[in-house]
Amino acid sequence: MGRPIPLFTVLGVQTTITRLGLVSFGVAGLGLAGLAGAWSGLPLGAALLAGALGALSMFVSEWLHQMGHAVAARRTGYPMHAMHFRSILAVSEYPAEEPELPAALHIRRALGGFWVNLLIGLFLAPYAFFAGFGGGGAAWAVGFATFYNLVVLGLGALVPIDLPGTLTTDGATLLRYWGKDAGGQGQGGG
Ligand SMILES: [Zn+2]
């Protein structure tokens, strides 16, 4: 939906967002604010802050996840060109003229993302634990960011879900290529 809006380019990777992507983050932020208010009992101002920071953390966490893929891809010699936020998640883009790549290379690229979020989650966890979900909007957002990184973008990315054209998780990519490479491309060797 709509032309992607270019945001910035880092390490040769262009980041874009569509209008639907922007709306998705707005809706997510309002949803989080509602959760922070209704479920955690934060007053309105703190709940809105929690929602705004929560949505921002969703963007940053996904961006870092995709940059993890980009760095892994660059190391394989087949770099990633862009990431497009069409929702709260981004789709990575590789050159269309890429040759048929060995499965091991796809696997290395697919493994580049989730561990970044596990590290972020583990780094944030002690703060989230001690500040708790009741300690104001910023602390609530840290708690949410911890959960989002560990459970959704970290471990969740490894759950194989493949809805072509909508969502293909890293887990689905790994499942597709795992064990496909033993003995090269399946050519020769008897
Ligand atoms: Zn990923």
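Author: With helix length. The expected span of a helix is 1.5 Å times one less than its number of residues. This is a predicted model. Helix α5 covers residues 136–155, which is 20 residues, so the span should be 28 Å. Its end C-alpha atoms lie 27 Å apart, which agrees.

Reader: Where is the kink in α5 centred?

Author: On Y148, with a bend of about 35 degrees.

Reader: Now the core. What is the general idea?

Author: In soluble globular proteins, nonpolar side chains tend to be buried together. Here the largest nonpolar core has 24 residues. L42, M58, M83, F85 and W140 touch the most other members. At least two residues each come from β2 (13–17), α1 (19–38), α2 (44–76), β3 (82–85) and α5.

Reader: Which element gives the most to this core?

Author: Helix α2, with nine residues.

Reader: What does M58 touch?

Author: Leaving out residues up to four places away in sequence, M58 touches F25, A28, L32, I88, F144 and Y148. Another core, of five residues, lies apart from the largest one. A103, I107, A110 and L174 are among its members.

Reader: Take W63, in helix α2. Is W63 buried or exposed?

Author: Buried means under 20% relative accessible area. W63 has 15%, so it is buried. Beyond four places in sequence, W63 contacts F8, V10, T15, M83 and F85.

Reader: How far apart are W63 and L89?

Author: They are 26 residues apart in sequence, and 8.7 Å apart in space, C-alpha to C-alpha.

Key: Residues numbered from 1 in each chain as written. Predicted model: local features only at pLDDT ≥ 70, side-chain atom pairs only at ≥ 80, totals over all residues. Heavy atoms only, no water. Helix = DSSP H or I, 4+ residues; strand = E, 2+ residues; numbered from the N terminus. Bend = angle between axes of the 7 residues up to and from the residue. Core = buried A, V, L, I, M, F, W, Y, C linked by side-chain atoms within 4.5 Å. Buried < 20%, exposed > 50% of the residue type's maximum accessible area, 1.4 Å probe, protein only. Contact = heavy atoms within 4.5 Å.
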